[in-house]
Amino acid sequence: MSNARERLVDALYGAGWSTVKKLPEPVAVRLGRTIADLAWKRRGKSVLRLESNLARVVPDASPERLKQLSKAGMRSYLRYWMESFRLPSWSADRVRNGFDIDDAHLLTDGLASDKGVILALPHLGNWDLAGAWVTTKLETPFTTVAERLKPETLYDRFVAYRESLGMEVLPHEGGSAFGTLARRLRAGGLVCLVADRDLSESGVEVKFFGDTARMPAGPAILAQQTGALLLPVTLWYDESPVMRGRIHAPIEVPETGTRAEKTSVMTQALADAFATGIADHPEDWHMLQRLWLADLEERRP
């Protein structure tokens, strides 16, 4: 990014956090939907990429159905942003009542065991709201990792925002994050990781909706090294103001195999759980980037 564009991006996000959170909720909802529809009508690169990704998730969808899904997907994506801009101003009751999750006992029982818990999520729904619910409803702090964004001031905004919701945020880059996560888990703590897109280019290859993608090895390796419980989580929206979610069955560490083999098996199981939630609610999967290796190779030349 040029310096001028970086300053513009930072200013736009700053305006969102300072202005949108002051709007009445119905106004913010309408604003988000209007922006989403305008972006969808422009048919820019992000919308086309979202549509291409959805074509893999719903392979029998007609072109008209894909357009409907991508339009709904952009509305879901902007709902995420409108909620995120407003979350710091939500009351504790609003956060507690803004999320309803199935099988929450898997998380609470895991925390009670003092062995540590890893929650792994795809880019579904609003993972920040789910995190705020954990720190507010369950009164449980947790540690997460954030991609270092440009400009640096924008990354600082995201860190400050998530810390205001009760999260400990570590930068994705650098070797210290993994060690800190492992220490938190060994102390019986909670770690939450968005884990459907590999940012290191050294992740684990998995079969995902019929083709090969790469996902982070971190959740599986942390579970092996610390003995923590690894739980996949999927989120979705319905027509109500309340986001929904589900905690899936724990992913067990295989009894045999090398660490690499165990990591591969566990990451594939994680991808399968993610695929279940994404297939049920494709319009809430906010994947506006290339994910599958075939798409990444296509861009490389």
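A residue counts as buried when its relative accessible area is under 20%, and that is why Trp81, at 11% relative accessibility, goes down as buried. Keep in mind that this is a predicted model. Here's a quick tour of its aromatic side chains: a search through the whole structure turns up nine aromatic pairs.

**The Tyr77–Trp81 pair**
- Tyr77 and Trp81 have ring centres 6.4 Å apart and planes at 80 degrees, so the pair is edge-to-face.
- Trp81 is buried, whereas Tyr77, with 23% relative accessibility, counts as partly exposed.

**The Tyr80–Trp127 pair**
- Tyr80 and Trp127 are stacked, with 4.7 Å from centre to centre and 25 degrees between the planes.
- This pair ties together distant parts of the chain, since Tyr80 sits in helix α4 and Trp127 in helix α7 (residues 127-137), 47 residues apart.
- Tyr80 and Trp127 are both buried.

- Ring pairs join Tyr77, Tyr80, Trp81, Phe85 and Trp127 into a cluster.

**A charge over a ring**
- Arg94 lies over the face of Trp90, 3.9 Å from the ring centre.

Conventions. Residues are numbered from 1 along each chain as its sequence is written. This is a predicted model: local features need pLDDT of at least 70, side-chain atom pairs count only at pLDDT 80 or more; totals for chains, interfaces and linings use all residues. Side-chain values use heavy atoms; hydrogens and water are left out. Rings of Phe, Tyr and Trp (its six-membered ring) pair if their centres lie within 6.5 Å; planes under 30 degrees apart count as stacked, over 60 as edge-to-face and the rest as tilted. Buried means under 20% relative accessible area, exposed over 50%, partly exposed in between (1.4 Å probe, protein chains only). Helices (H or I, at least four residues) and strands (E, at least two) are DSSP runs, numbered from the N terminus. A charge sits over a ring if NZ of Lys or CZ of Arg is within 6 Å of the ring centre and within 35 degrees of the ring normal.
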